[in-house]
Amino acid sequence: MAQLLGWKKGDWGAYFGLLANNLTNFFTMAGLLIFTVGMPAEFVYKRIAPGFGLAIFIAGFFYWYAGKNLMKKTGRTDVTALPSGPSAPSIFIVVFMVIMPIAKSTGDVYYAWRVALGWCFLEALIELSGAFIGDWLRRIIPRSVLLSALSGLGLLLLAMNPILQSFEAPYVAFVVIAVIFINWFGKKAVFPKIPTGFLILAIGTVLAWLFGQMDASGITEGLKQVGFSFPIPQFGDLFKGISPAMVFLISAIPLGVTNFIFTLENIESASAAGDDFNVRNIMLANGISSIIGSFFGCPFPTTVYIGHPGWKSIGAGIGYTLVTGFTVFIISILGLGGLFLGIIPLSAVFPILFYVGIVVARQAANETPKIELPVVFVSLFPWIANWALTLVNNTLSAAGTNAGAVGLEAFTKAGVYHRGLVALGSGAPISSIVWGCLVVFAIRNDSTKAIITAVTAAVLTYTGVIHSPGVGFGLQPEITVGYLLIAGLFAYKFFADKKGLAGETDMPDQTA
């Protein structure tokens, strides 16, 4: 069985890490729908969750099969499959920009859910377009840029919160982190006969119960959710929701584009690690699994997850992604998620995500030519702003207020440049690539591509895809003009080079 699955010893660590990531998003989804929107828990767990689990299982199967094909094509046995799961940004976008406004205005949470199904279907169609332009984008965007943009995602969205949560539960997390340092960063493992992933889970669980961080009431509450619910086709509800969902297409377009950019970055990351997957097939798998999920009641699309080089570094094969998808599916249809959380502390698993984020960032530094190394750091800044903006907004929301009520002047007096955070942090997945390209093309003295990048950035800014909290025309006119000025500077550089007017830079150590 293990041979059929392509299961290796390293799959254990990858399985537990990816499962924790998926379950975190699963409970985020359920919690928002039940406690924020006000959907009945029974409806969420019996009508939405089974489709949610089915979509993840299908995506996991596709990526397992892609890994199996790559093994057959190359004759290698060290192929590591791509990880996958629900798109975390889509969960918040669908809940707060589609379901909640409709539920509040109509008082009908079921109608809001139908529209969200239509939204997910339309977003998946947009994501499918990546299958036809993905290879082209991969050719024109430098590898160093794709990997650097992904490193920002890894450090700020994948690794930062887990390390913060680890410091809130040091009795558990510190020992787990130390095991990771020894077994996955070091050369000689502690307890080498035990798979590290299982070891981490076992040690963390024992410590959490020993120090009183877990409570038997969690198990009792988890048992209340247990019950069988198979995915039920929701074709009628889906097609009723497509027409009203067209109004929300303005949010589906940037998310669809962002998702296939994420996919492209992760495929490039896997290629740099030695596993060159077919771009079109992987993007088709994303779109198809999302569409199938919407057919069975899930309004949240799937996507390729960050982390391939991290899982590969611990010796994972192709089995972990399939078994993770199957596990999430079983948990979804049996209602076992709450029970699992009542037994196993997330503080024992979060450090694995911290490790993966570090490995992804390390890959960007290793794979980037030394002269282009500034791109790694420049591409970080949109992600830093994105993380800080999310932190500020969530803090204000928890205090029952918002940035508008506080006022920009108050922020500025406190040394917080909120307007800059909004501008730099909004659309970080794409703006990190834009700024990375500007750096690389400047270093390579490729003014033509720099001009194209700057003009494209101006268009994306004018339409609100980047640098704006919402999509709309002309929301950031100053930034739009700024990009056009950059294009003008590179145009001057282009003609100066043609006429031999440009000279050497005054940074003598730039190639050192």
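Asp275 is buried, its relative accessible area coming to 0% (buried means under 20% relative accessible area, exposed over 50%, and partly exposed in between, with a 1.4 Å probe and protein chains only). The model here is predicted, so local features need pLDDT of at least 70 and side-chain atom pairs count only at pLDDT 80 or more, while totals for chains, interfaces and linings use all residues. Residues are numbered from 1 along each chain as its sequence is written, and side-chain values use heavy atoms, leaving out hydrogens and water.

Now for the charged pairs. Side chains of opposite charge can pair up when their charged atoms come close. Searching the whole structure turns up 13 salt bridges (a side-chain nitrogen of Lys or Arg within 4 Å of a carboxyl oxygen of Asp or Glu). One of them joins Asp275 to Arg76, at 2.6 Å from N to O. Arg76 sits in the loop between helix 3 (41-74) and strand 1 (84-86), and Asp275 in the loop between helix 12 (249-272) and helix 13 (279-295), 199 residues apart (helices, H or I of at least four residues, and strands, E of at least two, are DSSP runs numbered from the N terminus). Arg76 is partly exposed, at 24%.

Glu268 is buried at 5%, whereas Arg143 is partly exposed at 31%.

Lys493 and Asp497 make a salt bridge at 3.0 Å. They are four residues apart in helix 25 (residues 477-498), so about one helical turn separates them.
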